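Student: Hi! Could you walk me through the charged pairs in this one?
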Amino acid sequence: SGSDDVIAFSAPIVDYHALAPELVLAAGICVVLLVDLFVPDHRKWVTGTLSGFVLLGALLPVVTLAVWGGDVRDALGGQGVSGRYVVDNFALVLKALFLLAGYVVVLLSTNEVEEGGYHRGEYYVLLLSSVLGMVMMASSRDLVSVFVALEFLSIPAYMLAAWRKGDEKSNEAGLKYYLMGVFASAVLLYGMSLAFGVGRSTRLDVIAANLDRLPDSGVPVVTLAILFVVIGFAFKVSAVPFHTWAPDTYEGAPTPVTAFLAVASKAAGFVALIQ
């Protein structure tokens, strides 16, 4: 425009120690996928072992953050109490829970996957991807990152529920979980868009501050936004009356996947609700 008032770009200060669990998981997913490509069929069991080590490796930075990391830090902005991606004691406890739950599911899956003759490497890649979404959810303090984390943990779970592709019940489990999950995501996204419109930000702390200053005439819109968001997550945690997908999905999915959905996936939904 010819104006001299050019705003210089300032890169965010990335705290790599705070992001270490996510980085280890992301690298581990790539390694497991590559190993699965190049290892012969009779050695595919190594992908399960490798996945277990990846989850335990991601647990190490969680422990170091708990011991030396300070009380609260913003992973994308240095030290700070509020931000888009916050690592505090609440997030660290949940990250440890998700990683340990994922590790137990990997141990449970070993025999199930070997005996069933399923695609092993893909199974573990999807499982690790879902755990990565949960770990991201624990630190997300922004509508966009909450939604991305939710989809990141849900989409692999849709495929894992239908993993026994020759079994009609497993197909039914995957289809019902997928259709209900997509419907819930649409309702949740509509609620989030209303919250963004009224709160004038995607950051949860800024939305809260802006809603406090809202006149009474804006309350019905806020109520509708909160209702839609709660409905979206109620599907995820299978709360009544949005629980109808759960019995069929838990019955048809492979046993380790049922355990994973019932514990870790549900806990991730509650984490988002608490946020």
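Tutor: Happy to! One term to start with: a residue counts as buried when its relative accessible area is under 20%. Also keep in mind that this is a predicted model.

Student: Got it. Are Asp-36 and Lys-44 buried or exposed?
Tutor: Asp-36 and Lys-44 are both buried. Their side chains meet in a salt bridge, at 3.0 Å from N to O.

Student: Why can side chains pair like that?
Tutor: Side chains of opposite charge can pair when their charged atoms come close.

Student: How many salt bridges does the structure hold?
Tutor: The structure holds nine salt bridges. One of them joins the side chains of Lys-95 and Glu-22, at 2.7 Å from N to O.

Student: And where do Lys-95 and Glu-22 sit in the chain?
Tutor: Lys-95 is in helix H3 (residues 89-116) and Glu-22 is in helix H1 (residues 20-38). They are 73 residues apart, and the pair links distant parts of the chain. Both Lys-95 and Glu-22 are buried.

Student: What about Arg-141, which residue does its side chain meet in a salt bridge?
Tutor: That would be Asp-88, at 3.2 Å from N to O. Arg-141 lies in the loop between helix H4 (120-139) and helix H5 (143-161), while Asp-88 lies in the loop between strand S2 (86-87) and H3, so the pair ties together parts that are 53 residues apart in sequence. Arg-141 and Asp-88 are both buried.

Student: New topic: which residues do salt bridges with shared partners join into one network?
Tutor: Glu-172, Lys-176 and Asp-248 are joined into one network that way.

Methods:
Residues numbered from 1 in each chain as written. Predicted model: local features only at pLDDT ≥ 70, side-chain atom pairs only at ≥ 80, totals over all residues. Heavy atoms only, no water. Salt bridge = Lys/Arg side-chain N within 4 Å of Asp/Glu carboxyl O. Helix = DSSP H or I, 4+ residues; strand = E, 2+ residues; numbered from the N terminus. Buried < 20%, exposed > 50% of the residue type's maximum accessible area, 1.4 Å probe, protein only.
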